[in-house]
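User: I have a structure open on my screen and would like to learn how to read it. Could you take me through some of its features?

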2 protein chains.
Amino acid sequence: MTAVVNVFLKEGVLDPQGKAAHHALDSLGFAGVSDVRIGKQIIINLETEDRATAEAEVKEMCETLLANTVIEDYTIEIN
Amino acid sequence: MTAVVNVFLKEGVLDPQGKAAHHALDSLGFAGVSDVRIGKQIIINLETEDRATAEAEVKEMCETLLANTVIEDYTIEIN
């Protein structure tokens, strides 16, 4: 099974990477951009074939390591 | 309109971030993980409401700035 985890800064938390990309796009002439936010996408190949086990395990991985839950939100998709 | 761009290292290119996360998960006791790959997810708010224009613009943004096309692949999703 494959888990796709998207980790993003919470609304209201300054996103310096996104701001930098936005300014760079502006200076390259891409005018029609109102906002840019950058996060991480983590693809985890899991040995288990049980969806519930996979979901619970990946949630714990996020809470423990993959996301800083003070300033980040995350979503989990199991395929 | 919103564009979601996923930027990933090409197959065969070493992913040090992914390797580090994989080792960390192992040492935290998450045994059932066979591989971890980490990429960027970029969310771009566009002023245009025309899908074709948005797609073309974001593709050019990727080729110009957002992805290093020598070692990275990217996908674009327009919502």
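Predicted model: local features only at pLDDT ≥ 70, side-chain atom pairs only at ≥ 80, totals over all residues.

User: Where does Thr48(A) lie in chain A?

Analyst: Thr48(A) sits in the loop between strand 2 and helix 2 (51–66) of chain A. Its side chain reaches the backbone nitrogen of Asp50(A) at 3.1 Å.

User: Now the two chains. How is the area buried between chain B and chain A described?

Analyst: The general idea is that the size of an interface is often given as the accessible area lost when the parts come together. Here, about 2600 Å² is buried between chain B and chain A, and carbon and sulfur atoms give 64% of that area.

User: How many residue pairs are in polar contact between chain B and chain A?

Analyst: There are ten such residue pairs, counting those with both residues at pLDDT 80 or more. Salt bridges across this interface number zero.

User: In which sense do strand 2 of chain A and strand 2 of chain B pair, parallel or antiparallel?

Analyst: Strand 2 (residues 33–46) of chain A pairs with strand 2 of chain B in the antiparallel sense, over 13 bridges. To find your place in this pairing, look at Val36(A), which stands opposite Ile44(B) in strand 2 of chain B.

User: Let's look at another residue in that strand of chain A. Is Ile38(A) buried or exposed?

Analyst: Ile38(A), found in strand 2 of chain A, counts as buried because its relative accessibility is 11%, and the cut-off for buried is under 20%.

User: Which residues does Ile38(A) touch, not counting those up to four places away in sequence?

Analyst: Its contacts involve both chains: Phe8(A), Asp15(A), Gln17(A), Gly18(A) and Ala21(A), together with Gln41(B) and Ile42(B). Take Gly18(A) as an example of how the chain folds back: Ile38(A) and Gly18(A) are 20 residues apart along the chain, while their C-alpha atoms are separated by 5.2 Å.

User: You mentioned salt bridges. How many does a search of the whole structure find?

Analyst: Side chains of opposite charge can pair when their charged atoms come close. Over all chains, the search finds two salt bridges. In chain A, the side chains of Lys59(A) and Glu63(A) meet at 3.7 Å, N to O. Both residues lie in helix 2 of chain A, four residues apart, about one turn of the helix.

User: And which side chains meet in a salt bridge at 3.8 Å?

Analyst: Those of Glu63(B) and Lys59(B). They lie in helix 2 of chain B, four residues apart, which is about one turn of the helix.

Definitions and conventions. Residues numbered from 1 in each chain as written. Chains lettered and ligands numbered in written order. Heavy atoms only, no water. Buried area = accessible area lost by both parts, 1.4 Å probe. Salt bridge = Lys/Arg side-chain N within 4 Å of Asp/Glu carboxyl O. Polar contact = N/O pair within 3.5 Å; in protein donor to acceptor, adjacent residues only side chain to side chain. Pairing = 2+ DSSP bridges. Helix = DSSP H or I, 4+ residues; strand = E, 2+ residues; numbered from the N terminus. Buried < 20%, exposed > 50% of the residue type's maximum accessible area, 1.4 Å probe, protein only. Contact = heavy atoms within 4.5 Å.
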